[in-house]
Amino acid sequence: MSDTIFTGCIPALMTPCKPDRTPDFSALARKGRELVDAGMSAVVYCGSMGDWPLLTDEERMKGVEALVEAGVPVIVGTGAINTKSAVAITAHAARVGAAGLMVIPRVLSRGSSASAQKAHFSAILAAANGLPAVIYNSPYYGFETRADLFFALRAEHPNLIGFKEFGGAASLSYAAEHITSGDDELTLMVGVDTQVFHGFVKCGATGAITGIGNALPKEVLHLVSLCEAAARGDSEARVKARALEEALMVLSKFDEGVDLVLFYKYLMVLNGDTEYTLHFNETDALTAPQKAFVEEHYNQFKTWYASWAA
């Protein structure tokens, strides 16, 4: 598969808050720049990790602009409550210099209709002005893009170059078998932190969009590097990749749950990034046992990794 912006390790950025619970775009841009400088190939903004349902379209556009101005390659999430907003977000991304699009299905209205989703996707891809794009497939959206729809869209919109799969191993395997394999112009992105090894080694993925990579960039980059080597047949890398993925598993599984942003912001705070302390909704907060659980497994993993990687 050819190298594109959808290659390597790409964190899905969270949106930090100011004390008044408004977006802190300066902190967002700093973190994006820091992660790219650490070796990430790009960032995603604004997907579920970026709390897109809690931001206005204007706020999301400001976040994209801040990242672009900081020289950060940014892939823009197109999730929106209607197609009109998604198209506006897409057109803005193309206009200000974003590097790609993560195309999210239509939600709330006719979400289970394949014809409605085809029209929604087509409108976004047409507004992209050639920006490379991947379809974001997730069971949480209540709609699964299958091969027939993907190729019908690609026939009309050649800027659709890949697939981001958030489902489990079986969903990744379907995407590899029926969509992305055998065409060097298509790419498969692992979209969930628990399936990095399976995606790279067993499905031919060329990239991973990560949540845990915000808080543990060095370790997740290491995991992706090992998985890439394992996919090339390196037996030692295969063993090490499995060990590292297993050690990360408790923290990675937060990516599969509804509290993922709460968990990963708290891991950022444990790293010292205090601008991630608050959430946009004051009532969104981890419980005391949840915080203790995070701290226990964060410390356990850091201790294990320091010993294992030495």
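1. The lining of the second largest pocket divides into seven nonpolar, two polar and five charged residues. It is 14 residues in total. Thr-277, His-279, Asp-284, Ala-285 and Lys-291 lie nearest the centre of this pocket. Helix 10 gives the largest share of the lining, four residues. The space inside comes to about 190 Å³. Please keep in mind that this is a predicted model.

2. The largest pocket holds about 580 Å³ of space. Its lining has 29 residues, and Ser-48, Met-49, Gly-257, Val-258 and Leu-260 are the closest to the centre. Two elements, strand 8 and helix 10 (260-270), each give two or more residues to this lining. The largest share comes from helix 10, with three residues. By class, 15 lining residues are nonpolar, eight are polar and six are charged.

3. Helix 10 deserves a look in the viewer. It supplies the largest share of the lining in the largest pocket, and also in the second largest pocket.

4. Ile-209 carries a "binding site" annotation in an unreviewed UniProt entry. Such annotations may be inferred rather than shown by experiment. The residue sits in strand 8, which spans residues 207-210. Is Ile-209 buried or exposed? Ile-209 is buried, because its relative accessible area is 3% and the cut-off for buried is under 20%.

5. Which residues does Ile-209 touch, leaving aside those up to four places away in sequence? The contacts are Ile-10, Ala-12, Val-44, Met-102, Lys-164, Met-189, Val-190, Gly-191, Val-192 and Asp-193.

6. The largest nonpolar core has 109 residues. Tyr-45 and Leu-216 have the most contacts inside this core. Not counting residues up to four places away in sequence, Leu-216 touches Leu-248, Leu-251, Tyr-298, Phe-301 and Lys-302. As background, nonpolar side chains tend to be buried together in soluble globular proteins.

7. His-198 is found in helix 7, residues 196-203. With a relative accessible area of 14%, His-198 counts as buried, because the limit is under 20%. Beyond residues up to four places away in sequence, His-198 touches Ala-169, Leu-172, Ser-173 and Cys-203. How far apart in space are His-198 and Gly-168, C-alpha to C-alpha? The distance is 9.2 Å, although the two are 30 residues apart in sequence.

Key:
Residues numbered from 1 in each chain as written. Predicted model: local features only at pLDDT ≥ 70, side-chain atom pairs only at ≥ 80, totals over all residues. Heavy atoms only, no water. Core = buried A, V, L, I, M, F, W, Y, C linked by side-chain atoms within 4.5 Å. Buried < 20%, exposed > 50% of the residue type's maximum accessible area, 1.4 Å probe, protein only. Contact = heavy atoms within 4.5 Å. 1 Å grid on protein atoms, 1.4 Å probe; cavity = no way out; pocket = protein on both sides within 12 Å on 5 of 7 lines; lining within 4 Å. Points joined across faces, edges and corners; volume = space filled by probe spheres on them. Nonpolar A, V, L, I, M, F, W, Y, C, P; charged D, E, K, R; others polar.
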